[in-house]
Amino acid sequence: MFAVYAAEPNPDKPLDALRVGERPEPEVPDGWVPVTVRAASLNMHDLWTLRGVGIKPEQFPMILGCDGAGVLADGSEVVLHAVVGDASAYGDETLDPKRTLLTEKHQGTFADTVIVPARNVLAKPAGLSFSEAACMGTAWLTAYRMLFTQSGLRPGQTMLVQGASGGVSTALVALGKAAGMRVWVTGRSEAKRAIAEEQGADRTYESGERLPERVDAVFETVGEATWKHTMRSVKPGGTIVVSGSTSGPNPPADLQRLFFMQLRVVGSTMGTRAELANLLEFCDLAGIRPQIGTELPMADAAAGFEQMLAGETAGKIVFTR
Ligand SMILES: NC(=O)c1ccc[n+]([C@@H]2O[C@H](COP(=O)([O-])OP(=O)(O)OC[C@H]3O[C@@H](n4cnc5c(N)ncnc54)[C@H](OP(=O)(O)O)[C@@H]3O)[C@@H](O)[C@H]2O)c1
C-alpha cells in the first residue's frame, strides 16, 4: 500500500530518511480494526521519529503520522486516538509506563490503511471535515489536556502561550479563547503573531518581550529558547504546563525563583480517550475549527515536512488521501 515512512534514523538530516513509496498491507490482530485513512496531520513528533528520537532503531522502517481521520469497513467515519495503552494501572492510559503512540512501536497514519485497537476509534463529529478531524488526535488533544486537566485555570484568568503558529500553540489559543480565558501569545514574527490574533488571541508579544503584568499560567512547548521568559512571566503561585521542548530540553531550572515564587511546573503528554471525546464534543458545541495552514495530498508530504523543519508553520499541516 502507499505510505510515507522513515527508512532509518537520521539525527542530523531527518528529511534524508523520509520515503514516499510502498509498504506491506497491515495484518489485523484480534481486537484491532483497519481504518482507511482520509486525512492525517503532521506533528513535530514525526520529525523526532525521523531523527530517531523516542523510537528504537529496530522499529525502522516506520510509517509516520500520529493522528488521523478515516473510515471503518462498515463505512462509519472516525477520528483516531493515537495512545495505545492500558488505563487499568493508573486509571489513565497516558500514565501506563508501557503506553506507546502510533509511530513509536505500531505503524502510523500516513498510509492507505492504519490499524489501531478498536477502543482507539471515536465517531467523527459530522461538523468536522476529515482534515479538521485529523488535527484532533495529537496537537489538539495535547492542548486540551494542558489547558483543562493540568493548568487549573478558570475562565477570566490570563494565560500565556509561548509560540504563535504551531499546531499545539494554535490549539491552545482557540480552546482558551472559547473557554473564556484572556489569551496572550508570543510569536517570532509579525506574520506569526497575526495568526494568533486571527485565532482570537487578546494580545500578542515578541518572543521574550516583557509583559505588562504576570499571568496565571504559561503554556510551554518551546523549551530552552523561551524558558527564562516563562519563569519570569508567571504570577507567584502560578502554573507552568510543559508538553514539549522544541528548542532544547535542558533550560536552567532557576530553582530559587521556583520555590520563592511557589510556582507549579506540570508535565503533560497527549490525552486520554475520554479527553479526546470531550474535545470533539467541545469543538462541535462551540463551533471551534482548527487553524490549517497547509493542506497537501499525502504524496506531496515532503513539502510539509520541509515547512515544519524550517519553522514555517501557520497552524496545522494536513495530508489528505
Ligand atoms: N507531549 C506531547 O504529548 C506532545 C504532543 C504534541 C506536541 N508536543 C511537542 O510540542 C512541540 C510543538 O509541537 P507542534 O507539533 O505544535 O510543532 P510546530 O507546529 O512545528 O510548532 C512549533 C512551535 O514552536 C515555536 N518555536 C519553535 N522554535 C522556537 C524558538 N526558538 N523560539 C520561540 N518559539 C519557537 C513556534 O513558534 P512561532 O510561531 O513563533 O514560530 C511554534 O509555535 C514539539 O516539541 C512537540 O514534540 C508534545
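These notebook entries record what I looked up in the predicted model shown above.

**Entry 1. Ground rules**

I number residues from 1 along each chain as its sequence is written, and my side-chain values use heavy atoms, with hydrogens and water left out. As the model is predicted, local features need pLDDT of at least 70 and side-chain atom pairs count only at pLDDT 80 or more, while totals for chains, interfaces and linings use all residues.

**Entry 2. The whole protein**

I began with the secondary structure and found 9 helices and 18 strands. I took helices (H or I, at least four residues) and strands (E, at least two) as DSSP runs, numbered from the N terminus. The radius of gyration is 19 Å, close to the 20 Å that the globule rule gives for 321 residues, so the protein is as compact as a globular protein of that length. That radius is taken over C-alpha atoms, and the globule rule is 2.2 Å times the number of residues to the power 0.38. Along the principal axes, the C-alpha atoms fill a box of roughly 55 × 40 × 40 Å.

I then looked up burial, for which buried means under 20% relative accessible area, exposed over 50%, and partly exposed in between (1.4 Å probe, protein chains only). Of the 321 residues, 55% are buried. The accessible surface comes to about 13600 Å², and carbon and sulfur atoms hold 50% of that area. These areas come from the Shrake-Rupley method with a 1.4 Å probe; for residues, only the protein chains shown count as cover.

For contacts (heavy atoms within 4.5 Å), I noted that residues 24 or more positions apart account for 70% of those with a separation of 6 or more. On charge, I recorded 30 positive and 37 negative side chains, with the centres of the two sets 8 Å apart. Lys and Arg count as positive and Asp and Glu as negative, whereas His and the chain ends are not counted. Each charge is placed at NZ of Lys, CZ of Arg, CG of Asp or CD of Glu.

In α3, 13 of the 15 residues are buried.

Helix α4 (residues 167-178) should span 16 Å with its 12 residues, and its end C-alpha atoms are 17 Å apart, which agrees. I found 10 of the 12 residues of α4 buried, so the helix is largely enclosed by the rest of the structure. Among those buried are Val168, Leu172 and Val173. Gly180 follows α4 and has a positive phi near 90°.

**Entry 3. Backbone exceptions**

Most residues other than glycine have a negative phi, and most peptide bonds are trans. I therefore listed the exceptions below.

- Phe60 and Pro61 are joined by a cis peptide bond, with omega about -5°; Pro61 sits in the loop between α1 (44-51) and β4 (62-63).
- Asp254 has a positive phi of about 55°. Asp254 lies in the loop between β15 (234-242) and α7 (255-260) and is partly exposed at 29% relative accessible area.
- Met270 has a positive phi near 45°. Met270 lies in the loop between β16 (264-267) and α8 (273-286) and is buried, with a relative accessible area of 5%.

I looked up Thr36 in strand β3 (residues 32-42). Thr36 is partly exposed at 43% relative accessibility. Leaving out residues up to four places away in sequence, Thr36 touches Gly70, Val71 and Asp112. The C-alpha atoms of Thr36 and Ala111, 75 residues apart along the chain, are separated by 8.5 Å.

Glu224 is in the loop between β14 (215-220) and α6 (227-233), and I recorded it as partly exposed at 37%. Beyond residues up to four places away in sequence, Glu224 touches Ser247, Gly248, Pro249, Asn250 and Pro251. Gln256, 32 residues from Glu224 in sequence, is 18 Å from it, C-alpha to C-alpha.

Gly311 is in the loop between α9 (301-309) and β18 (316-320) and counts as buried at 17% relative accessibility. Apart from neighbours within four places in sequence, Gly311 is in contact with Arg188 and Lys192. Ser165 is 146 residues from Gly311 in sequence, yet their C-alpha atoms are 8.9 Å apart.

How values were computed. The expected span of a helix is 1.5 Å times one less than its number of residues.
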